[in-house]
Amino acid sequence: MTSKSFVLELMERSKKYAISHTPSPVVADVPVSDRAHTVIFCCADGRIDPKLLFNLSLTDAVVLRNAGCGMPRNINDFLIFDEILELREVLIISHTDCGLTHFTDNIVYEGLKKRVTGHDKEIDEMYIGTFKNCSERVKSDVKFFKSHPLVRRELAEHTFGAVYDIKTGEVTIVES
Ligand SMILES: [Zn+2]
């Protein structure tokens, strides 16, 4: 007996959403000056949702999310958006109890090597980015971003780091 696919359930939910969906503008209808000028980096964890936290409208910010807000993994995506938008400010958010504080890089590396044999070199070259202290983590993220050779100096000077507390819902700027 096969259990029902959750993805197929999501497709059912999406039909309900579409009934009340407001059509989004097409790119050609939104001049560059009206597009998002801020990028927010954060973890993909469902407990942190910048749209909810900051009451974001469609054109307020580009939100880039990945596992643990790994900045080396974010740079590619950031550069694409920086090229097509006129980005002016950057916010990097870490959050309390991030899943990546519960592992070590080695645990992830070793697990992957057991699952996929013959690719140890590629696995060892992956950036995992586990950490223990989210304030310290975001400080090093800001430092990494500001000193990255492909990041424009104007943006580096307008980069903020913050911590989101999953218990209080508060976002606090971390001075680096
Ligand atoms: Zn996280």
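How many residues apart in helix α6 are Glu136 and Lys139, and by about how much of a helical turn are they separated? The two are 3 residues apart in helix α6 (residues 134-146) and are therefore separated by about one helical turn, where helices (H or I, at least four residues) and strands (E, at least two) are DSSP runs numbered from the N terminus. The structure is a predicted model, in which local features need pLDDT of at least 70 and side-chain atom pairs count only at pLDDT 80 or more, whereas totals for chains, interfaces and linings use all residues. Residues are numbered from 1 along each chain as its sequence is written, and side-chain values use heavy atoms, with hydrogens and water left out.

The chain contains 7 helices and 5 strands, which follow one another along the sequence in the pattern α-β-α-β-α-β-α-α-α-α-β-β. Its C-alpha trace spans about 55 × 50 × 35 Å along the principal axes. Of the 176 residues, 34% count as buried (under 20% relative accessible area, with exposed being over 50% and partly exposed in between, for a 1.4 Å probe and protein chains only). Among contacts (heavy atoms within 4.5 Å) between residues at least 6 apart in sequence, 65% join residues at least 24 apart.

Asp97 is partly exposed, at a relative accessible area of 38%, as is Arg47, at 37%; together with Asp45, Arg47 and Asp97 are linked in a network of salt bridges.

Glu136 and Lys139 meet at 3.6 Å, N to O, with relative accessible areas of 46% for Glu136 and 29% for Lys139. In helix α1 (residues 6-19), Lys15 and Glu12 lie 3 residues apart, and their side chains meet at 3.2 Å, N to O; Lys15 is exposed, at 51%, whereas Glu12 is partly exposed, at 43%.

Pockets were identified on a 1 Å grid over the protein atoms alone, as open sets of points where a 1.4 Å probe fits, with protein on both sides within 12 Å along at least five of seven lines, lining residues having an atom within 4 Å of a point. The largest pocket holds about 280 Å³ of space, and its lining comprises 13 residues, of which Val27, Val30, Arg35, Leu58 and Thr59 lie nearest its centre. The second largest pocket holds about 160 Å³ and is lined by Tyr17, His21, Ser24, Lys51, Leu56, Ser57, Leu58 and Ala61. Each volume is the space filled by probe spheres set on the points, with grid points joined across faces, edges and corners.

Methods. Salt bridge = Lys/Arg side-chain N within 4 Å of Asp/Glu carboxyl O.
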